[in-house]
Amino acid sequence: LRFRTRRGRYVEATLAELSQDRLARYPSPALMRRFIAAVEAMGNARVLDIGGRARSGLDRRQHFRVPEYVVFDVLPGANVDVVGDAHELARYFPPGHFDAILSVAVFEHLLMPWTVVTQMNQVLKPGGLALVATHQTLGMHDMPWDFWRFSDTAWDALFNARTGFEIVERALDGEQIGRAHV
């Protein structure tokens, strides 16, 4: 692309360069890196990835160097370890089994996300970490299973003292992603 400034100067950049520059300004990737580092600093952490099926060819397991990384999804897939309903996590895993929980682009598809939050609390160890990322704005997708959109302050309604969580960090960036690190 070639741009002309108000002073008549021309600036050239590829679409890839402009995209990389824009993404570098978002806080979410850094939040994910801090989450991964915190999980790995735990030592022998057990991680649960809710909805982590490699639907887009992305398996987040590769980003973690932990002895146990469980991908839980409502549908089977090549990287899915346990198939089930996230509204019933405690049916699949013992209490306090996981040190960390990750869920990316799933909460908008949950019929009752508040139920999943309480289930997360049951299978997460006290003091454990969770990172939940979902869409704030995005067109309808995966119909008919697209129910919710979340602002950065919506996380307070789901992750709070009553549900057994404390929000440590949050970000609202881009046109599509909001994340909470709880």
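1. The largest nonpolar core of this predicted model has 25 residues, and those with the most contacts inside this core are Leu 48, Phe 107, Met 120 and Phe 159. A nonpolar core is here a set of buried Ala, Val, Leu, Ile, Met, Phe, Trp, Tyr and Cys residues joined through side-chain atoms within 4.5 Å. Two or more residues each are given to this core by strand 3 (46-50), strand 4 (68-73), strand 6 (98-104), helix 4 (113-123), strand 7 (124-135) and helix 5 (155-158). Helix 4 supplies the largest share, 4 residues. Helices (H or I, at least four residues) and strands (E, at least two) are DSSP runs, numbered from the N terminus. Another core, of 19 residues, lies apart from the largest one and includes Val 39, Val 47, Tyr 69 and Leu 102.

2. Some conventions apply throughout. Residues are numbered from 1 along each chain as its sequence is written, and side-chain values use heavy atoms, with hydrogens and water left out. As the model is predicted, local features need pLDDT of at least 70 and side-chain atom pairs count only at pLDDT 80 or more, whereas totals for chains, interfaces and linings use all residues.

3. The chain holds 5 helices and 9 strands, in the order β-β-α-α-β-β-β-α-β-α-β-α-β-β along the sequence. Of its 182 residues, 41% count as buried; buried means under 20% relative accessible area, exposed over 50%, and partly exposed in between (1.4 Å probe, protein chains only). The chain exposes about 10400 Å², of which carbon and sulfur atoms supply 54%. These accessible areas come from the Shrake-Rupley method with a 1.4 Å probe, and for residues only the protein chains shown count as cover. Among contacts in the chain with a separation of 6 or more, 60% are made by residues 24 or more positions apart, a contact being heavy atoms within 4.5 Å.

4. Two strands pair if DSSP finds at least two bridges between them. In a regular strand the side chains alternate between the two faces of the sheet.

5. Within strand pairing, Leu 48 stands opposite Val 70 in strand 4 and opposite Ile 101 in strand 6. Leaving aside neighbours within four places in sequence, the contacts of Leu 48 are Val 70, Phe 72, Leu 89, Phe 93, Phe 98, Ala 100, Ile 101, Leu 102 and Val 123.

6. A search of the whole structure finds 11 aromatic pairs. Rings of Phe, Tyr and Trp (its six-membered ring) pair if their centres lie within 6.5 Å; planes under 30 degrees apart count as stacked, over 60 as edge-to-face and the rest as tilted. The rings of Phe 107 and Phe 150 have centres 6.4 Å apart and planes at 70°, so this pair is edge-to-face. Phe 107 lies in the loop between strand 6 and helix 4, and Phe 150 in the loop between strand 7 and helix 5, 43 residues apart. Phe 107 counts as buried at 0% relative accessibility, and Phe 150 is buried with a relative accessible area of 6%.

7. Phe 107 has a further partner in Phe 159: the ring centres are 6.2 Å apart and the planes at 35°, so the pair is tilted. Because Phe 159 lies in the loop between helix 5 and strand 8 (169-173), the pair ties together parts that are 52 residues apart in sequence. Phe 159 counts as buried at 2% relative accessibility. Ring pairs link Phe 107, Phe 150, Trp 155, Phe 159 and Phe 165 into a cluster.

8. Thr 163 also lies in the loop between helix 5 and strand 8. Thr 163 is buried, with a relative accessible area of 16%. Not counting residues up to four places away in sequence, Thr 163 touches Val 117, Thr 118, Asn 121 and Leu 158.

9. Pro 95, in the loop between helix 3 (89-92) and strand 6, is exposed, with a relative accessible area of 74%. Pro 95 and Gln 119 are 24 residues apart in sequence and 9.5 Å apart in space, C-alpha to C-alpha.
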